[in-house]
Structure formats: structure tokens, C-alpha cells
Amino acid sequence: MRLRILTENDVRSLIDMGAAIPIQEEAFTRLAARESVEGLRSFVVSESPPGVAIFNPSFLKGGGGYGVKVVSDFFGNAERGVARMSAIVTLFDGETGHPRTVMEGGYLTDLRTGAGTGAAARRLARADSRVVAAVGAGRVARNQLQALARTHDLERVLVAGRSEARARAFVEWIEAEPGLPDDARLAGSVGEAVGKADIVVAATTSSEPVIRGRDLRAGTFVAAAGANVATAREVDTETVVRAKKLVIDSPAESLANAGDLAIPIAEGAIREDEVTGIADIVAGACPGRETEEEITYYKSLGLPIQDLITAQHIERRAVAAGVGTVIELGGDHD
């Protein structure tokens with residue numbers, strides 16, 4: 001039994017954001033066609049040291065293979081001088097169940113997170129969107145901008161963050177990053193940035209709303225990719241009430257962990273049946289943006305099938321290019 005190992009550098013050499021967006025569209029289309037079985041996410045909490053391990057499985061029917069992404073989030077890692085989060089993805093053969101490939105999963109997660117929003121933006125943002133408000137200045141905000149620059153001719157990014165130093169560093173990164181607008185600047189406030197934007201990206205760890213619906217202009221697309229528990233939210237109730245399209249990765253899989261939507265539903269401000277899955281829009285079963293004036297909203301939590309389909313594309317490219325280290329595991333005996 002042979003196993004291919006792909007490092008982060010291997011994965012980066014095989015795929016970029018431009019390729020990842022149509023791969024996410026494929027993943028959403030296959031989800032809509034019910035070609036996958038999405039396993040329930042499992043969380044295992046460590047009290048000492050404080051951290052959590054997250055297991056995300058997905059299985060393709062008809063022998064299409066399956067995969068598991070394991071994410072570690074250990075809160076004290078900064079004190080150890082190492083990254084707080086790490087991830088690996090393991091792919092298994094759909095006919096035999098044997099492991100085939102193990103790859104670094106952090107860059108893959110960045111790609112599929114940004115590319116998922118890119119796929120949504122193609123259907124929910126106005127085609128003439130030029131100005132982005134980036135609320136948050138971390139890793140998620142970066143992948144969101146990289147994807148949006150592939151789907152729209154962006155001209156300006158307005159940055160608002162809790163830390164002015166981080167926000168300034170983010171502006172400098174935007175200015176230096178190929179393919180992103182040369183015009184990047186700090187906003188005086190979140191409300192100012194949101195009020196001037198065609199696309200609003202919320203990529204924070206805030207538990208309380210940072211985006212206020214009163215600040216949104218008609219025709220704005222709001223992409224929320226940060227808070228991912230039912231008790232935390234990045235946008236207020238007015239935002240989702242004003243939005244004519246409320247879209248999430250999958251209502252069946254993700255709604256319970258999206259406080260942006262779960263809290264207004266509990267308040268009675270919106271109904272659960274008003275929320276649409278992005279898979280149904282990508283597959284053409286439900287409409288995307290229908291007018292220039294409507295506000296649209298997309299909540300990204302990430303689905304295991306996105307990791308699986310992305311990893312399988314990476315694996316095929318690795319095999320074709322001879323990339324990675326192949327080892328003999330043994331274990332072929334009866």
C-alpha cells in the first residue's frame with residue numbers, strides 16, 4: 001500500500017485561487033445533486049493545553065472516494081512560537097478504502113474558503129462592483145480578497161480592523177500582492193467603509209456584530225466568513241432583514257453554526273425557509289441576484305465536500321506531475 005505525501009509547497013505548486021473557484025462550483029453542484037454524504041463534524045476539546053481538534057469527513061457515492069480534514073486549533077501556540085492552527089487532509093480510495101494521499105491542509109483551506117466566496121460573488125454581487133470594504137485584517141480576509149479579485153475588476157479596498165497596526169500591515173500587503181488593487185487605504189470606521197462599498201467582507205472573530213445594516217447601500221453584496229458558532233455573529237439583525245437574498249453553504253449542514261442567521265431566526269426577524277444554499281444557486285435551482293438594487297448576503301462556514309473535491313483535484317495534478325513523496329506503508333496482507 002503506497003501513500004503520497006504533499007507538503008504545503010507541493011500544494012502551492014499545483015493550484016492557485018483562479019483554479020480553485022471553478023472547483024468550488026463543482027463541489028457545490030455535486031452537493032446539490034446529492035452525490036456526497038457529509039459526515040457530521042466532530043469536535044474534541046483539550047482543556048490543558050487549551051485547544052480543539054476538528055474532524056471534517058466527506059464521502060462521494062459510487063466509489064468516488066472519501067476524505068477527512070483534521071484541524072488543530074491550540075490557543076497557546078503563540079507562546080510556543082508556532083502557528084495557532086494546523087490542518088492535514090487524508091484521501092482514501094473509494095473502492096478499497098485504502099489511504100492514498102496525505103496533504104497539508106492550511107493552504108487548501110485558504111483556497112476553498114476564498115474560492116467559495118468567489119463562486120458566490122459571481123452570482124450574488126453586481127457585475128460592476130469595484131469597491132470592497134474589508135472588515136478584518138487576517139488570513140481569512142486575505143483569501144477573500146484574492147478570490148474577489150478573480151471575479152470582479154476591483155479598484156479600491158477600504159480596510160477597517162480593531163488593531164490599527166494590523167490594518168496598516170494589511171493595507172501594505174494588499175498594495176504588494178499581485179492582482180489586488182493599488183488603491184488600498186484605512187477607513188475612518190467600519191461604518192464609513194461599509195457605506196462606500198459594493199462588496200463588504202466580514203472576516204473577524206467578533207462575537208458581536210461589527211456590520212450594521214443601516215450602513216449598507218442598495219445593491220451591496222455582504223460576504224461573512226468569520227464567526228462560526230451559533231452564539232456569535234458579525235452582522236446585525238438589520239443586515240439580514242434588509243437582504244433580499246440570504247445564502248449559506250448549506251442550510252442543512254451549517255445553519256446551526258451561523259449566529260448571523262440563527263440569532264435573527266430565534267428572534268423571529270427572519271424565517272429559516274428564507275435561507276438558500278449556495279449549491280442550489282450554483283446548480284440553477286434557485287436564482288442569484290435578480291436586481292441591481294437588492295442587498296445580498298452570503299455566510300461561509302465551509303463544507304467537507306469543498307475540502308474533498310479540492311483535495312482530489314490536487315491529488316490528480318500531483319500524480320500527473322509526479323509531485324510529492326511516495327512511501328510504502330505496507331499493510332497489504334489479508
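Author: We can begin with the nonpolar cores, where a core is a set of buried Ala, Val, Leu, Ile, Met, Phe, Trp, Tyr and Cys residues joined through side-chain atoms within 4.5 Å. Buried means under 20% relative accessible area, exposed means over 50%, and partly exposed is in between, with a 1.4 Å probe and protein chains only. The largest nonpolar core has 61 residues, and those with the most contacts inside it are M103, F170, I174 and F221.

Reader: How many residues are in the other core, which lies apart from it?

Author: Among the residues of this other core are V131, A133, V135 and A202. The core lies apart from the largest one and has 27 residues.

Reader: What kind of model is this, and how are its residues numbered?

Author: This is a predicted model, in which local features need pLDDT of at least 70, side-chain atom pairs count only at pLDDT 80 or more, and totals for chains, interfaces and linings use all residues. Side-chain values use heavy atoms, with hydrogens and water left out, and residues are numbered from 1 along each chain as its sequence is written.

Reader: Which residues is F170 in contact with, leaving aside its neighbours within four places in sequence?

Author: Contact means heavy atoms within 4.5 Å. F170 is one of the residues with the most contacts inside the largest core. Leaving aside neighbours within four places in sequence, its partners are A134, G136, A137, G138, A141, R142, L145 and V159.

Reader: Is A134 buried or exposed?

Author: A134 is found in strand β8, residues 131–135; helices (H or I, at least four residues) and strands (E, at least two) are DSSP runs numbered from the N terminus. Not counting residues up to four places away in sequence, A134 touches V157, L158, V159, A160, F170 and V201. With a relative accessible area of 1%, A134 is buried.

Reader: Is T90 buried or exposed?

Author: T90 lies in strand β6, residues 85–92. Leaving aside neighbours within four places in sequence, T90 is in contact with Y66, G67, V68, T101 and V102. Its relative accessible area is 16%, so T90 is buried.

Reader: V68 is one of those partners. What is the relative accessible area of V68?

Author: V68 lies in strand β5, residues 65–74. Not counting residues up to four places away in sequence, V68 touches N56, P57, I88, V89 and T90. V68 is partly exposed, and its relative accessible area is 22%.

Reader: How many Å apart are V68 and I305, C-alpha to C-alpha?

Author: In sequence, V68 and I305 are 237 residues apart. In space, C-alpha to C-alpha, the value is 9.7 Å.

Reader: Is L40 buried or exposed?

Author: L40 is found in the loop between β2 and β3. L40 touches F55 and P57, not counting residues up to four places away in sequence. At 72% relative accessibility, L40 counts as exposed.

Reader: What is the phi of R34?

Author: R34 lies in the loop between α2 (17–32) and β2 (36–38). At 65% relative accessibility, R34 counts as exposed. Although R34 is not a glycine, its phi is positive, at about 60 degrees.

Reader: For the chain as a whole, what is the radius of gyration?

Author: The radius is taken over C-alpha atoms, and the globule rule is 2.2 Å times the number of residues to the power 0.38. With 334 residues, a compact globule would have a radius near 20 Å, so the chain agrees with the rule at 20 Å.

Reader: What percentage of the residues in the chain is buried?

Author: The secondary structure comes to 12 helices and 16 strands. Of the 334 residues in the chain, the buried ones make up 52%.
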